[in-house]
Amino acid sequence: MAEKASNWFFLIHILLQILKIHAKVPAIIVFGDSSVDAGNNNAISTVLKSNFEPYGRDFFGRKATGRFSNGRIPTDFISEAFGLKPTIPAYLDPSYSIKDFATGVCFASAGTGYDNATSDVLSVIPFWKELEYYKQYQKDLRCYLGNEKANEVLKEALYLLSIGTNDFLENYYIIPDGRSSEYSIEEYQNFLAGIAKDFVTQLYNLGARKISIGGLPPMGCLPLERTTNILSGSECIEEYNDVAKQFNEKLKGLVEELKVKLTGASLVYSDPYGILYDMIQNPISFGFEYAAVACCGTGLFEMGYLCDKLSPFTCSDANKYVFWDSFHPTEKTNGIIADHAVKGPLAQFLY
Ligand SMILES: *[C@@H]1O[C@H](CO)[C@@H](O)[C@H](O)[C@H]1NC(C)=O
């Protein structure tokens, strides 16, 4: 009986391998902010970096790649789940070339946003420029694979977008006389959604067909925001969470609208809000111990250069924490978010 069962498992395993080889997604192409930046900021002049210890201490080779986590980020896990590489390289990392980028490439930049004014705050790569890099990538890929094969890859690739938190937390709510003096919060959300719409339409016109638009996390529960709420017992800032939920509804509406407009495209909305909120509200049931403070340093405010190897009190086991630094999840959290996306909205792209 046991032998029979193991034969079946063997058969199923082989079948899955065959399906993987014939997986419809030949590459994963990433746009966005620090939630998915694999190290592009290492190559530019900005203070927003993470290519030093203790970042990456649980990554392959304990390498601080510029990912804002102790290990891998969600897009790495998604790539692995699709039978591609276990990590997606950053386009501006000189140690990779088009040979590596042919199955996955990341154009994301920590600190950026939909709004040009957001990328200006910390001199990072504006969202529109990520698309310019993508155009260059298309040229490189056509040189490398030939037109026909490259066009096929660009068409069948899965495009993942994850961006928007910084427009609110680094820009709208922080810069006096900035966007908040120009726009009400609702108007600003519409402004950003308009940029998202343009971006996706341009991507479609360049040949992309399988596109996932990621929503915002419960940004009022990021440890840095809770710290600013210290007078109210460091609770989550409900106003920010509400704004995230409202904006996510707009993105969902946008996806529905574009599904009709962009013929032949498969668009999905990926929601990190619910799963991350569950982890924060109920860390124990996911195997975590701490959700209100982060692992790095005091866990209250450190990120980027403030989270370095001299930071006192950095935790020894990041797996006990939902957040790695005051703004970014741990690798364990990233794995759970990715798994949730792969089994949910991205499942239709698997085979
Ligand atoms: C952002 O800047 C780019 C480059 O200057 C420009 O083409 C684009 O229209 C700007 N976006 C918005 C929404 O103003």
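The 5 strands of an open sheet follow the order 2-1-3-4-5 and pair in parallel. Strand 2 and strand 5 (266-270) are at the edges with a single partner strand each, so one side of each has no neighbour in the sheet. On average, neighbouring strands of this sheet are turned by 15 degrees against each other, direction ignored. The model is predicted: local features need pLDDT of at least 70, side-chain atom pairs count only at pLDDT 80 or more, and totals for chains, interfaces and linings use all residues. Residues are numbered from 1 along each chain as its sequence is written.

**Terms for the sheet**
- Helices (H or I, at least four residues) and strands (E, at least two) are DSSP runs, numbered from the N terminus.
- Two strands pair if DSSP finds at least two bridges between them.
- Strands of a sheet pair through backbone hydrogen bonds, either parallel or antiparallel.

**The whole chain**
- The chain contains 13 helices and 5 strands.
- Its radius of gyration (taken over C-alpha atoms) is 20 Å, close to the 20 Å that the globule rule (2.2 Å times the number of residues to the power 0.38) gives for 351 residues, so the chain is as compact as a globular protein of that length.
- Buried residues, those with 20 or more other C-beta atoms (placed from the backbone) within 10 Å of their own, make up 46% of the 351 residues.

**Strands 1 and 2**
- Strand 1 and strand 2 run parallel and are joined by 3 bridges.
- Ile29 stands opposite Val105 in strand 2.

**Helix 2**
- Of the 8 residues of helix 2 (residues 74-81), 6 are buried, so this helix is largely enclosed by the rest of the structure.
- These buried residues are Pro74, Thr75, Asp76, Phe77, Ile78 and Ser79.
- Their cover includes strand 1 (28-32), strand 2 (104-106), strand 3 (158-162) and helix 13 (331-343).
- Gly83, which follows helix 2, has a positive phi, near 80 degrees.

**Val200 in helix 9**
- Val200 belongs to helix 9 (residues 185-205).
- Val200 is buried, with 23 other C-beta atoms within 10 Å.
- Val200 touches Ile211, Ile213 and Leu258, not counting residues up to four places away in sequence; two residues are in contact if their C-beta atoms, placed from the backbone, lie within 7 Å.
- Val200 and Tyr159 are 41 residues apart in sequence, and their C-alpha atoms are 9.8 Å apart in space.

Conventions
Buried ≥ 20, exposed ≤ 12 C-beta atoms within 10 Å, placed from the backbone. Axes fitted to C-alpha atoms, helices over the stretch in contact; angles between N-to-C directions.
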